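Please examine the sequence and the model shown here. The paragraphs that follow consider the chain's charged side chains and then the chain as a whole.

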Amino acid sequence: MLEFPARSIREELRNEVSAMAKQSKNFAPGLRIVQVGGREDSNVYIRMKIKAATEIGIDAVHVQLPRSITELELLNKINDLNDDPRVHGIIVQMPLDCDTSIDSHRITDAVSPEKDVDGLHTVNEGRLAIGDLGGFLPCTPWGCLELIRRSGVEITGARAVVLGRSKIVGTPAAELLKWANATVTVCHSKTRNLEEITRSADILVVGIGVAEMVKGSWIKPGAVVIDCGINVKPDPSKASGTRLVGDVDYEEARLVAGHLTPVPGGVGPMTVAMLMKNTVRSATRALKRLSQTQWSLQPLPLKPLRPVPSDIVIARAQNPKDIAVLSKEIGLQAREVSLYGNKKAKISLSVLQRLADREVGNYVVVAGMTPTPLGEGKTTTLMGLVQALGAHKSRNTMAALRQPSQGPTFGIKGGAAGGGYSQVIPMEEFNLHLTGDIHAVSAANNLLAAQLDTRIFHENTQKDKALYERLVPKIKGQRVFSAIQLRRLKRLGITKTDPDSLSEEEYGAFARLDIDPETIMWERVVDINDRYLRNVNVGLSPTEKGISRNTSFSISVASEIMAVLALSRCLEDMKRRLADMVVAFDRSGKPVTADDLGMTGALAVLLKDALEPNLMQSLEGTPVLVHAGPFANIAHGCNSIIADEIGLKLVGKDGFVCTEAGFGSDIGMEKFCNIKCRTSGRTPNAMVLVATVRAIKMHGGGAPVTPGAPLNKQYTEENLQLVQKGLPNLLQHISNGKAFGMPVVVCLNQHAADTPAEHELVKKAALEAGAFAAVVSTHWADGGAGAVPLAEAVIKACSLDNPFRLLYDVELPLVDKMNKIATTMYGAGQVKLSSVAEEKVKRLTEAGFGNLPICMSKVSGSFTGDAKIKGAPKGFTLDVEDVYVSAGAGFVVAMCGEVTKMPGLPTRPAIYDIDLNTETGQIEGLF
């Protein structure tokens with residue numbers, strides 16, 4: 001008789017699953033058994049499978065669905081299981097016990113081929129038919145083959161007869177025997193001389209569905225007989241009145257066959273064992289994918305032209321990858337990607353749960369020296385760096401950028417996707433609506449502003465009881481507090497939960513926020529430059545009964561909600577931050593929050609999708625995360641923590657996430673470290689400092705650099721003396737990076753008028769000042785190839801031990817923190833607060849905001865508060881004119897001079913050049 005190895009197979013699988021658990025503590029093979037209806041014979045099989053799975057350590061779940069389910073509902077359920085990373089195997093128990101008409105073949109083919117552990121998907125059947133045994137093999141035929149192998153009979157060259165041609169047993173059994181080098185004959189109900197053919201078989205596999213059809217006379221003496229049939233036969237001697245028999249007459253066959261499987265207890269346990277083996281195999285593949293972080297990225301080729309064309313011409317000449325292809329290349333699963341067309345997508349936050357145990361990659365911040373009004377190519381350098389690392393050094397690399405506001409796009413910049421051969425594409429998508437995140441921020445901000453003014457109106461026009469009864473109205477004769485109202489009661493120290501049990505005094509305390517209009521800090525926003533909204537009056541309509549006030553608009557990216565979006569670590573954290581946003585103070589000096597206004601849930605709903613980062617790509621097909629866009633002066637000027645975190649997990653231990661900090665290192669990089677990294681807990685491995693000979697010359701006393709005007713010849717001819725005089729500005733920025741313990745890699749972004757002597761002078765000075773490396777980069781003209789030296793320097797810098805440290809302890813008084821930033825980052829001697837700022841520091845400290853980080857808001861064109869002062873002055877006094885809190889974002893803003901939050905359009909804005917080609921549908925003019 002045959003040896004039945006099902007038990008030993010299960011023991012082997014148990015050991016494999018145990019090894020998986022040691023490799024990844026939260027990982028377990030997952031099997032889902034989908035059943036429609038509740039046939040008892042199916043229940044018996046399901047219980048048997050779950051018992052075997054549980055013994056092995058497989059997380060097996062019986063998914064029982066009602067008989068009333070429709071085909072569409074069943075397909076949707078299977079798709080959910082296909083998308084669930086915890087599920088590695090899916091089987092649909094047949095037959096479907098349903099009231100409606102359901103195509104069973106369509107259902108089995110709906111199971112992902114990668115999770116089809118039954119081996120019944122057309123793809124897996126097709127792979128078996130052509131001899132590709134790397135897919136999932138059908139469990140019963142595979143079990144039969146294992147039994148035959150263990151019989152000791154040589155399969156190669158043997159004559160095998162398969163009786164039956166079903167999809168589940170006969171046909172795949174014949175294919176498996178064929179690829180095991182047997183000579184195979186398939187017989188069925190129409191086959192002539194059946195007994196004669198079966199009697200010639202060395203190996204006989206029977207799955208015909210007729211009880212005890214094959215007699216002893218049909219069997220060649222000494223043959224291996226595998227009986228796959230299971231039939232119910234009357235038997236008065238049994239308590240049940242029936243017994244199970246196979247398609248082979250066992251009593252006759254055992255006298256002739258060399259090896260024979262019994263029914264029950266033969267093929268059945270092997271089928272279950274092979275099902276478990278397929279499930280563990282699928283889980284092994286999933287765990288391997290999880291642990292292997294090297295991407296299968298296929299870079300896009302670049303063919304740089306000379307002279308270098310305009311940015312839009314370069315961008316249009318490249319054919320981007322389908323974003324679904326890129327997402328798969330970098331290890332994202334289909335359920336984690338929401339496609340917006342085929343060139344951009346959103347990434348689900350669930351990827352962070354799936355990759356929770358994965359080590360993170362290297363974290364690189366790209367900052368700049370104090371820029372000229374033309375900018376020094378920080379974004380371009382970032383894109384060149386990631387193209388070099390990803391496409392030329394074969395490192396898993398992710399760029400992480402802010403989303404640009406439409407204000408500058410239509411105003412003066414004309415686009416913010418990088419430039420030359422180092423860009424984000426498609427640049428039109430990047431520079432305009434993208435996936436609507438900024439619009440969501442605008443809607444949320446303005447809804448809060450509307451509720452704020454409306455609340456003031458209603459409090460001024462209603463008495464306490466009437467106001468209370470409208471805030472907690474009777475619905476079907478009963479008043480009920482909402483969850484957000486219960487939170488307000490708790491803050492007030494009121495423990496009652498019955499709205500009708502409050503006292504008159506408690507009615508008033510609950511209903512009245514008593515907002516002091518003079519303290520309102522919340523402004524409405526639009527995502528365009530509009531100077532005429534800098535100072536406006538609202539509430540002038542007669543319907544507002546004279547309750548008006550003076551206010552202003554900001555550009556959307558200046559909203560605190562944008563900073564909240566950028567600093568949130570998850571949905572729950574975002575809700576908490578939204579709730580904490582202070583919009584004003586009441587007349588007793590207490591802060592009034594968005595939660596007090598009942599807004600938290602509504603804001604979270606508007607921002608739910610906006611919290612997911614956007615996936616795009618570079619000109620060379622490397623991935624780019626675009627998310628959030630807070631201002632770099634009144635806010636912290638960095639992309640989102642969530643985008644960086646997803647990037648760091650996706651690239652894995654040896655990969656790189658390169659992100660950008662707005663303006664110079666004194667502004668963006670300082671806030672990146674002291675605000676963003678303090679919040680996220682991540683530590684950057686290196687800082688890339690972008691510099692240009694042009695900017696250094698300007699700080700050495702060169703002529704003013706004006707957008708739209710030709711450059712003075714000081715900038716187009718070699719001038720070593722001017723470079724020498726401008727170096728102190730660069731050296732202060734190097735010192736800024738070193739103050740945080742980061743290795744600083746200086747990148748000289750080469751311009752056409754630069755000379756080798758100027759480059760050497762800058763590089764020598766940078767290295768003497770303590771920079772880890774100083775390299776010249778030609779990424780604008782050459783793409784990633786031109787930034788390879790920069791990439792190599794970054795790789796080396798990130799291999800160093802990194803004693804990263806924050807600049808100050810948040811427990812220091814607010815003024816001490818301002819002084820620490822000003823003296824260390826700017827070279828100032830001290831900060832001096834106006835009387836208004838002093839009063840507000842006192843108020844904020846008393847209100848409990850004294851332990852927040854500081855966000856210094858000052859001009860970007862100078863270390864001082866005066867944009868006209870260039871170079872690197874020392875010992876100056878920095879004036880702080882005003883102070884306010886962004887409690888949701890989690891920092892206190894110190895205003896060093898006048899910083900407008902609403903840009904205006906220039907005389908000739910980029911609007912004049914932007915157009916839509918109605919014949920091609922292409923956008924023109926976003927240079």
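Which side chain meets that of aspartate 84 in a salt bridge? The partner is arginine 86, with N and O 2.8 Å apart; a salt bridge is a side-chain nitrogen of Lys or Arg within 4 Å of a carboxyl oxygen of Asp or Glu. Aspartate 84 is buried at 9% relative accessibility, whereas arginine 86 is exposed at 58%. Here buried means under 20% relative accessible area, exposed over 50%, and partly exposed in between, with a 1.4 Å probe and protein chains only.

The model is predicted: local features need pLDDT of at least 70 and side-chain atom pairs 80 or more, while totals for chains, interfaces and linings use all residues. Residues are numbered from 1 along each chain as its sequence is written, and side-chain values use heavy atoms, without hydrogens and water.

A second salt bridge joins arginine 587 to aspartate 514, their closest N and O atoms being 3.2 Å apart. This pair links distant parts of the chain, 73 residues apart. Arginine 587 is exposed at 53%, and aspartate 514 is partly exposed at 37%.

Aspartate 913 and arginine 908 also form a salt bridge, at 3.0 Å from N to O. Elsewhere, Arg487, Arg488, Arg491, Asp595 and Asp596 are linked in a network of salt bridges. In general, side chains of opposite charge can pair when their charged atoms come close.

The count of salt bridges comes to 57. Of the 927 residues of the chain, 56% are buried.

Key
Helix = DSSP H or I, 4+ residues; strand = E, 2+ residues; numbered from the N terminus.
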